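Please look through the sequence and the model shown here before reading on.

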Amino acid sequence: MISALTNSMRLMRAGFVFAREGVFSQVDPALVPLPGRVALRFAKLIERPGKDSQAGRLAAALTRLGPTYVKLGQFLATRPDVVGVAIARDLESLQDRMPAFPQDQAVAIVEQSFGQPVDKVFASFGPSVAAASIAQVHRAEIMTADGPRQLAVKVLRPGIERRFASDQDAFAFAARNAEALSAEARRLRLIETVATLRRSIALEMDLRLEAAALSEMAENTKDDPGFRVPAVDWDRTTKDVLTLEWIDGTHLSNHAALEARGFDLKELARIVIQSFLRHALRDGFFHADMHPGNLFVDDEGRLVAVDFGIMGRLGPKERRFLAEILYGFITRNYHRVAEVHFEAGYVPSHHSVEDFAQAIRAIGEPIHKRAADEISMAKLLTLLFEVTGLFDMRTRPELLLLQKTMVVVEGVARSLDPKLDMWSTAEPVVRDWIERNLGPAGRIAGAAEGAAELGRFAAQVPGLLSRAGVLMEQLDAATRNGIVLAPETVADIGRAEARRGRATALALWVIAALLAYIVYLLK
């Protein structure tokens with residue numbers, strides 16, 4: 001009951017901030033049940049006057065509510081199936097920028113992580129140069145046999161894990177109650193969405209995992225032309241501290257500086273697109289936060305990516321799906337694009353491949369009639385996901401993250417070269433992947449892998465048969481005797497259900513009382 005009250009109070013505060021910033025002003029009352037309409041009227045009374053856009057108001061509210069809500073906003077930007085396409089598009093512009101925490105706290109975290117004074121770990125440890133919701137970055141220096149070496153040191157925010165845990169408990173409480181009361185909430189799987197957010201943030205708060213992502217991508221891309229990532233200093237990396245090579249490059253967004261240094265912006269645009277597609281298709285592992293602030297150009301003209309807190313993965317099936325879809329649109333083979341959806345199991349088999357191909361043609365033909373510089377692969381995927389919804393294709397979070405990242409990457413590339421031809425830029429990477437994986441060599445490799453898998457399965461058959469026999473005996477016993485619960489178990493279930501019902505009712509009354517009190521104060 002206490003946790004229900006605590007979570008209700010946290011959600012009430014969030015609701016007040018949303019109302020104050022005018023986030024609820026664009027909600028259509030006709031789509032909301034009667035109690036919700038009353039709440040919308042209360043929210044209108046406390047709305048702060050201003051002329052900010054709806055996107056600006058939402059971003060302002062999330063920023064005011066703190067790091068967890070900023071992360072929630074960034075996460076929901078990848079889930080238009082949950083918040084709708086319009087809100088997801090608004091959230092794409094949400095910037096993860098927070099005030100820096102004091103230098104002495106950063107020093108204390110470094111010293112606690114390594115068990116020695118900061119000057120024993122680094123020759124110098126400067127002030128913060130960038131701060132975000134989970135961590136901030138400092139410039140440091142160490143002495144080596146070759147002289148001083150500059151480093152970037154990422155330090156986790158103090159108390160951030162406790163703050164995130166309490167806010168995520170409130171999100172889980174809201175999701176459970178929403179699913180209990182709404183069939184639409186159950187369809188959107190809000191509990192699962194909150195659990196996914198919790199896992200994502202937990203991974204981001206262990207900086208060793210970000211170091212591992214950097215290391216994996218460095219290994220994947222060691223022979224790639226025009227792309228690299230910073231080297232990890234594993235001796236100075238812990239759960240709360242990540243130490244990397246300092247990148248003395250030019251921000252990709254600083255076009256004037258890039259041109260002054262003699263770099264070809266059109267060539268950099270090509271590198272951005274082809275590097276992203278190469279990582280997604282070839283490796284199934286891509287940087288999912290490739291905004292201009294995370295991209296630099298080094299002295300050799302190579303693209304350098306930083307901040308690997310958000311990464312995307314695609315399995316072999318998703319990679320083949322992406323490659324065949326892009327190649328199908330490039331070659332206007334819409335029937336093959338439709339078949340790929342059915343072969344992957346994304347569209348239920350009771351639908352017609354021909355009808356689905358016709359719907360895909362409605363997307364592809366208008367695109368092919370446009371000029372090359374007007375074609376957007378990101379928009380193509382967005383339209384494709386909208387159409388597949390009509391054919392009962394279930395949401396694929398990994399593909400939504402890919403599509404969201406592609407929007408950002410394409411925007412970065414077009415800022416460098418507004419006339420960029422997306423098809424001709426992407427075609428060599430996509431064609432190379434298809435030839436390697438779906439051509440003769442790919443079929444031979446697939447057959448060898450299938451034979452190995454069959455051998456592994458054959459070795460497991462005796463154990464499977466043994467376990468199946470035990471399971472049949474247990475089912476036979478349950479059929480004859482029934483499933484019996486101990487009296488203590490039955491009593492515990494009854495008490496738990498009673499407590500849950502009382503806590504929920506009390507929480508709803510508290511929310512109603514607080515709303516009434518806020519309105520009374522504002523009269």
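Helix α16 is followed by G345, whose phi is positive, near 80°. The coordinates belong to a predicted model, and every value given here is computed from it. The buried residues are Y334, R336, V337, A338, V340, H341 and F342.

The loop between α15 and α16 holds R332. The phi of R332 is near 60°, a positive value in a residue other than glycine. Most residues other than glycine have a negative phi. With a relative accessibility of 44%, R332 counts as partly exposed. D307 also has a positive phi near 60° and is likewise a residue other than glycine; D307 is found in the loop between β9 (303-305) and β10 (311-313). Because its relative accessibility is 30%, D307 counts as partly exposed.

Helix α15, made of residues 316-331, packs against helix α20, made of residues 422-438, at an angle of about 130° and with the two axes 9 Å apart. The two helices are therefore oblique to each other, and α15 passes α20 in a left-handed crossing. On the α15 side the contact is made by R319, R320, A323, E324, L326, Y327, F329 and I330, while α20 contributes W423, E427, V430, R431, W433, I434 and L438. Sorted by class, this contact of α15 with α20 has 10 nonpolar and 5 charged residues, and no polar ones.

The crossing of α9 and α11 is left-handed. From α9, the residues F164, Q168, D169, F171, A172, A175, R176, A178 and E179 meet L190, I191, V194, L197, R198 and I201 of α11. The residues of this contact divide into 10 nonpolar, 1 polar and 4 charged.

How many aromatic pairs does a search of the whole structure find? The search finds 5 aromatic pairs. In one of them the rings of Y69 and F171 have their centres 5.1 Å apart and their planes at 90°, so this pair is edge-to-face. Because Y69 lies in helix α4 (residues 67-76) and F171 in helix α9 (residues 160-181), the pair ties together parts that are 102 residues apart in sequence. Are Y69 and F171 buried or exposed? Both Y69 and F171 are buried.

F276 and F286 form an aromatic pair that is also edge-to-face, with 5.7 Å from centre to centre and 80° between the planes. F276 is in helix α14 (residues 265-283) and F286 in strand β7 (residues 285-287), 10 residues apart. F276, at 2% relative accessibility, counts as buried, and F286, at 1% relative accessibility, counts as buried as well.

Conventions: Residues numbered from 1 in each chain as written. Predicted model: local features only at pLDDT ≥ 70, side-chain atom pairs only at ≥ 80, totals over all residues. Heavy atoms only, no water. Axes fitted to C-alpha atoms, helices over the stretch in contact; angles between N-to-C directions. Helix = DSSP H or I, 4+ residues; strand = E, 2+ residues; numbered from the N terminus. Parallel < 35°, antiparallel > 145°, perpendicular 65-115°, else oblique. Left-handed = near helix turned anticlockwise from the far one by under 90°. Contact = heavy atoms within 4.5 Å. Nonpolar A, V, L, I, M, F, W, Y, C, P; charged D, E, K, R; others polar. Phe/Tyr/Trp six-rings, centres within 6.5 Å; stacked < 30°, edge-to-face > 60°. Buried < 20%, exposed > 50% of the residue type's maximum accessible area, 1.4 Å probe, protein only.
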